[in-house]
Amino acid sequence: LYPIYLPDIVENYEGWNSSIVIRNNSDSETAQVNTTFFRYDGAWVHGQKTDYLAPESSVIVDFPGYCYYCRGSAIVSASQDVPVVMKQVRVSGSFASGAYVGVSWPGTEVHIPVLHKNHNGWQSQLYVQNAGTTSTDLTVEYKARTGSNCTQTYYNVPPSATRIID
């Protein structure tokens, strides 16, 4: 079984909170699920959380309570097949929410089909998590809808860190 990577989680960060929803898909085996949290810079947030999920049950895991105003990432490792979803809710101001599925197989090349830059008020952000144990160089290549007008940006991402790209 492979770990599941969650590149963007927040705790009371600019009015947003995240929750990790994990489900044990097994109909007969209990799953041991370990959740490890990292700050955006890759520093480990002390205290790995371990849950034991009965067959066909689920749990909601939040950023550790002592991590106030945090932004970072998480890795979920389990003894059984578990789907993982990240739910984010805006807790101040206007109500908004979002979700994404955790990535179980990190890639060295990823294609993102839609990004916005000031398109009818929409802005996109990319969240890139270095799943490795050493720093890595990252190249982001932007193409217009037509496939032309290619531009590139370059970044370095420390191990276990998350890079947020506007």
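Predicted model: local features only at pLDDT ≥ 70, side-chain atom pairs only at ≥ 80, totals over all residues.
## A walk through an all-strand chain

Let's start at Ile22, which touches Val33, Thr35, Leu53, Ser57, Ser58, Val59, Val61, Val76, Val82, Pro83 and Val84, leaving aside residues up to four places away in sequence (touching, or contact, means heavy atoms within 4.5 Å).

The overall build is quick to describe. The protein chain has 0 helices and 14 strands, where helices (H or I, at least four residues) and strands (E, at least two) are DSSP runs numbered from the N terminus. Of its 166 residues, 33% count as buried; buried means under 20% relative accessible area, exposed means over 50%, and partly exposed is in between, with a 1.4 Å probe and protein chains only. Among contacts with a separation of 6 or more, 67% are between residues 24 or more positions apart. The chain exposes about 10400 Å², and carbon and sulfur atoms supply 51% of that (areas come from the Shrake-Rupley method with a 1.4 Å probe, and for residues only the protein chains shown count as cover).

Back to Ile22 and its surroundings. Together with Ile20, Ile22 has the most contacts inside the largest nonpolar core, a set of 20 residues. A nonpolar core here is a set of buried Ala, Val, Leu, Ile, Met, Phe, Trp, Tyr and Cys residues joined through side-chain atoms within 4.5 Å. Strand 6 gives the largest share, 4 residues. Apart from this core lies another one, of 6 residues, including Leu126, Val140, Val157 and Ile165.

Now for the charges. How many salt bridges does a search of the whole structure find? The count is 3, taking a salt bridge as a side-chain nitrogen of Lys or Arg within 4 Å of a carboxyl oxygen of Asp or Glu. One of them pairs Asp8 with Arg71, the closest N and O atoms being 3.3 Å apart. That pair ties together distant parts of the chain: Asp8 sits in strand 1 (residues 4–11) and Arg71 in strand 6 (residues 70–78), 63 residues apart. Asp8 is buried at 5% relative accessible area, and Arg71 is buried too, at 17%.

Leaving out residues up to four places away in sequence, Arg71 touches Asp8, Ile9, Val10, Tyr13, Arg39, Tyr40, Phe63, Gln125, Tyr127 and Ile164.

Arg39, on that list of neighbours, has a salt bridge to Asp41, at 2.6 Å from N to O. Here Arg39 is partly exposed at 37%, and Asp41 is partly exposed at 31%. The remaining pair is Lys49 with Asp51, whose closest N and O atoms are 2.8 Å apart. Lys49 is partly exposed at 31%, whereas Asp51 is buried at 12%.

Next, a look at the backbone. Most residues other than glycine have a negative phi. Asn12, however, has a positive phi, near 50°, and Glu14 has a positive phi near 50° as well. Where do they sit? Asn12 lies in the loop between strand 1 and strand 2 (16–23), and Glu14 lies in the loop between strand 1 and strand 2. Asn12 is partly exposed at 22%, as is Glu14 at 49%.

Finally, the surface. Val110, Ile112 and Leu115 form a nonpolar patch with about 270 Å² of accessible area together. Patches are made of residues with over 30% relative accessible area and no salt bridge, with like charges joined within 9 Å and nonpolar side chains (Val, Leu, Ile, Met, Phe, Trp, Tyr) within 5 Å. Val110 belongs to the loop between strand 8 (97–101) and strand 9 (117–119), and at 59% relative accessible area it is exposed.

Notes:
Residues numbered from 1 in each chain as written. Heavy atoms only, no water.
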